[in-house]
Structure formats: structure tokens, C-alpha cells
Amino acid sequence: MMEIPSLLIEETFPDSLLTCSGNTVALNPEFNENYSYSWSPKAGLDDANSPNPSFLVNTAQQFLVQVTNEFECTLTDSIYTAPAPPIEITLLEVCLLYTSP
């Protein structure tokens, strides 16, 4: 019996990545080493042909990735990265009164 290889690309990407401004994020830490990857835009990425490029998050950015398997089948997806909104914390002044016994 002849086995027919799967031509499908089994790869999933998150829709978005949020982190604190100034943090570096890896775009695809669960990559498949049998696929090749091409990311765009290339600006800001440490390596646009890496399966798992890093990006310094300072502004919102949409990245497209094209994944190709050994049969030249391709999948195109996107990831939106953005700095998370700052968290505001309001501290209340608390006065403690201590009396000795």
C-alpha cells in the first residue's frame, strides 16, 4: 500500500501579541523545522527568513508570514504586535495610628 504524503501545512499563529513597550517578542516560538518562513515587512526583525524572528515592540505592527513546505505548498498568515496599554495604579495615602499598651 502506497502512503500519500500530506500536502497541508499544519501551522498556527496567534492573531496578536501584546507586551510592554520596549520588550522583545519572538513571533513564532513553536515553529516547524521542516518548513521555510519568510516574514514581511523586514524592518525591525532580527532575521526575516528565520522561523522565529524577534521584534522589539515600540509601536503597533502587522507582520505577514509565508510558510512553505517541502512540496512547495504555501500558507500565508499574519500576526499583529502592539505595546499593551499602560496600567495606571492609584495609591491611596493610608495613615496608621499606633498606640502602645
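Two strands pair if DSSP finds at least two bridges between them. Strands themselves are DSSP runs of E, at least two residues long, numbered from the N terminus. By these rules, E1 and strand E6 (residues 74-83) pair in the parallel sense over 4 bridges. In that pairing, Leu17 stands opposite Thr81 in E6.

This is a predicted model: local features need pLDDT of at least 70, side-chain atom pairs count only at pLDDT 80 or more, and totals for chains, interfaces and linings use all residues. Residues are numbered from 1 along each chain as its sequence is written, and side-chain values use heavy atoms, with hydrogens and water left out.

Now the overall plan. The protein chain has 6 strands and 0 helices. Its elements run β-β-β-β-β-β from the N terminus on. An open sheet of 4 strands takes the order E1-E6-E5-E3, and its pairing is mixed. Strand E1 (16-19) and strand E3 (36-40) form the edges, each pairing on one side only. From one strand to the next, the twist averages 25 degrees; the axes behind this angle are lines fitted to C-alpha atoms, and angles run from 0 to 180 degrees between N-to-C directions.

Next, the contacts. Contact means heavy atoms within 4.5 Å. Among contacts between residues at least 6 apart in sequence, 54% join residues at least 24 apart.

The interior comes next. Buried means under 20% relative accessible area, with a 1.4 Å probe and protein chains only. Of the 101 residues of the protein chain, 24% count as buried. A nonpolar core is a set of buried Ala, Val, Leu, Ile, Met, Phe, Trp, Tyr and Cys residues joined through side-chain atoms within 4.5 Å. The largest such core has 14 residues; Phe13, Leu27, Tyr37, Trp39 and Leu45 have the most contacts inside it. E3 and strand E5 (61-68) are the elements that give two or more residues to this core. E5 supplies the largest share, 3 residues.

Not counting residues up to four places away in sequence, Phe13 touches Asn28, Tyr37, Trp39, Val65, Val67, Leu75, Asp77 and Ile79.

Ser50 sits in the loop between E3 and strand E4 (54-56). Ser50 is buried, with a relative accessible area of 16%. A polar atom of the Ser50 side chain lies 3.0 Å from the backbone nitrogen of Asn52.

Conventions
Buried means under 20% relative accessible area, exposed over 50%, partly exposed in between (1.4 Å probe, protein chains only). A polar contact is a pair of N or O atoms within 3.5 Å; within protein, one must be able to donate a hydrogen and the other to accept it, and residues adjacent in sequence count only if both atoms are side-chain atoms.
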